[in-house]
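Subject: Structure handover

Hello,

Here is the structure for you to look at. Please open it first and then read the notes below it.

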There are 2 protein chains.
Amino acid sequence: MSAVVALDVGGTGLKGAVVDRSGRLLCAERRATPRDEGPQAIAEAALTFAGDLAAGGPARDAGGTVHVALAVPGLVDDTAGWVRLAPNLGWSDLPLRTLVEERLDLPALVWHDARAAALAEGMLGAARGARDWLLVTIGTGIGGAVIADGRALHGTRGAAGELGHIGVAPDGPLCACGKRGCVEALASGRNLSVRYAELTGEADVAAEQIVARAERGDVSAQLVWETAVGALAAGLAGCAALLDPELIVLGGGVASAGDRLRDPLARRLATEVRFPPAPPLRTAALGERAGWIGAALAGWQAAGAEPGEVARWTL
Amino acid sequence: MSAVVALDVGGTGLKGAVVDRSGRLLCAERRATPRDEGPQAIAEAALTFAGDLAAGGPARDAGGTVHVALAVPGLVDDTAGWVRLAPNLGWSDLPLRTLVEERLDLPALVWHDARAAALAEGMLGAARGARDWLLVTIGTGIGGAVIADGRALHGTRGAAGELGHIGVAPDGPLCACGKRGCVEALASGRNLSVRYAELTGEADVAAEQIVARAERGDVSAQLVWETAVGALAAGLAGCAALLDPELIVLGGGVASAGDRLRDPLARRLATEVRFPPAPPLRTAALGERAGWIGAALAGWQAAGAEPGEVARWTL
């Protein structure tokens, strides 16, 4: 019944999967991203990985690969399959879809990773059944996706959903984007560590450690975490006013804090949003797998599977 | 060739129009909103007005009314034609579409006024040809509409586009919504007057007067206007990050300041938005007519006119 190859291209790792039309995972593999070897080497590694999976035993046994689908972080034009800018991979203006199609002689698609994750959470995860909702991904950076009438908005340059760069503290710390006080500058995993190091002198403490220390009474960790939750609440309050979503889904590594993020954030959000009342918050269900699962869903739909068909997957 | 009755229901006036399928304005009339007589009287006035236009000479001469379309401010469920809450009219949970249909024995629709204005500006006005854009209406209050792929988002309760309640100054003045420092609390027409009165003791100076005084060197007026522009820039910067629009259209009474709003706002927005660059700003083209023109467009499309057909109107 043939196979789709899905690849989630991240700054530290490449996650690959081969999935058949019924949603069976035929093969899953992870390779390190060759960050130190430069943008070209990362692109080459992604192409080689996709090629290996497409031609590999599991895909061959299933009857051959019919589509290749990639999820990529950054500024991605999903329609053209073009990566405009991916700072974590060093890419700019990379016609990735064409490169894959030419190398593998297979139809391909390239989606922004948060929009792929939103497709997965919407069809199979925490937002199943929701039509108008918001995904916020809180990891090394902060991004997200806006889902309206069941479809993730693309925006005019593919940058819709970049809610990490909503400003919430005009005098706050400088963000990588050049602005002060973005949500990302206060609440991303990387910046939680930076803020904690500023207070304590202790560098490279991971976000999950900071959350754990805050729970154990570490006052610096509490301050950093409360500031982060407040920044997220302020940013999401603006999103809620603008979009009136029925649900906000919290994804990304920092959201794996679960209720330790969701509960205080819901309390803060309730004070920030007056009328209509704040939407409920839910922790993402698919974790780190959302990117490649979404790519596989998009790939199979591009290969002719109906939405109702892939919605029954139990991946 | 028959007629559609369009009615823009506002807090101070009701604007009615009778439009034929080719976009000819057969009749335009304005009546005062009976604010002092309460919510029931306002609803009755709207029903009577719509009935008078539907049965009047111009509609009869055109071959009869085929649809009635109303644009209403507040929290409006366009799909159900239900007004959940319209503070300026005193309405809550009013099944307006059903009331119109029963009274006039004609098919009707009820839309949020900013979404109606967005339809008009998108098809016939400042956003012609744009697919992903944002309308901000700066009048007595501040609202707007989010247009994605050519359609205005509705949100889960009909409240999408309420960007006046994006918070930009946590210690700012109290907003009518109960929160501090909303864009509306700093930049709406009504609040420009309130802020100016706080500084000078002079009450009820209209927004356009404040803009004129600021130009003539009135320091208090300059402060109020610069603060308003800064609040709008901060709010719109967040919207731009979240939605990546190709264009922002400035509508409502305060936007009739034209370049005196657009130019300083564009400068502030350029400093607030880093990457991707800030979208261009354009002043709305249809002014106060956008609400009823949008209602007429929606009414004619509901009555079977094709989008390509009504897009040729020269109203």
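A term to begin with: a polar contact is a pair of N or O atoms within 3.5 Å; within protein, one atom must be able to donate a hydrogen and the other to accept it, and residues adjacent in sequence count only if both atoms are side-chain atoms. By that rule, 4 residue pairs are in polar contact across the interface of domain 1 of chain A and domain 2 of chain A, both residues being at pLDDT 80 or more.

This is a predicted model, in which local features need pLDDT of at least 70 and side-chain atom pairs count only at pLDDT 80 or more, while totals for chains, interfaces and linings use all residues. Residues are numbered from 1 along each chain as its sequence is written, chains are lettered from A and ligands numbered from 1 in the order in which they are written, and side-chain values use heavy atoms, with hydrogens and water left out.

Domains of chain A

The domain assignment (bounds from an automatic or database assignment) gives domain 1 as 3–117 + 288–310 and domain 2 as 130–284. Their centres, taken over C-alpha atoms, are 27 Å apart. Each domain puts 12 residues into the contact (heavy atoms within 4.5 Å). Together they bury about 840 Å², 52% of it on carbon and sulfur atoms; buried area is the accessible area (1.4 Å probe) that two parts lose on being put together, summed over both. On the domain 1 side, A:Leu75, A:Ala114 and A:Arg115 lose the most area to domain 2, together 54% of what that side buries. The count of salt bridges between the two domains is 0, a salt bridge being a side-chain nitrogen of Lys or Arg within 4 Å of a carboxyl oxygen of Asp or Glu.

Chain B against chain A

Here 38 residues of chain B are in contact with 38 residues of chain A. The two chains bury about 3000 Å² between them, 60% of it on carbon and sulfur atoms. In chain B, the residues that lose the most area to chain A are B:Arg157, B:Leu242 and B:Asp244, together 23% of what that side buries. The rule finds 4 salt bridges across this interface. In the salt bridge of B:Arg151 with A:Asp149, the closest N and O atoms are 3.2 Å apart.

Why do the copies meet through the same surface? Because 100% of the interface residues of chain B are also interface residues in chain A.

Regards
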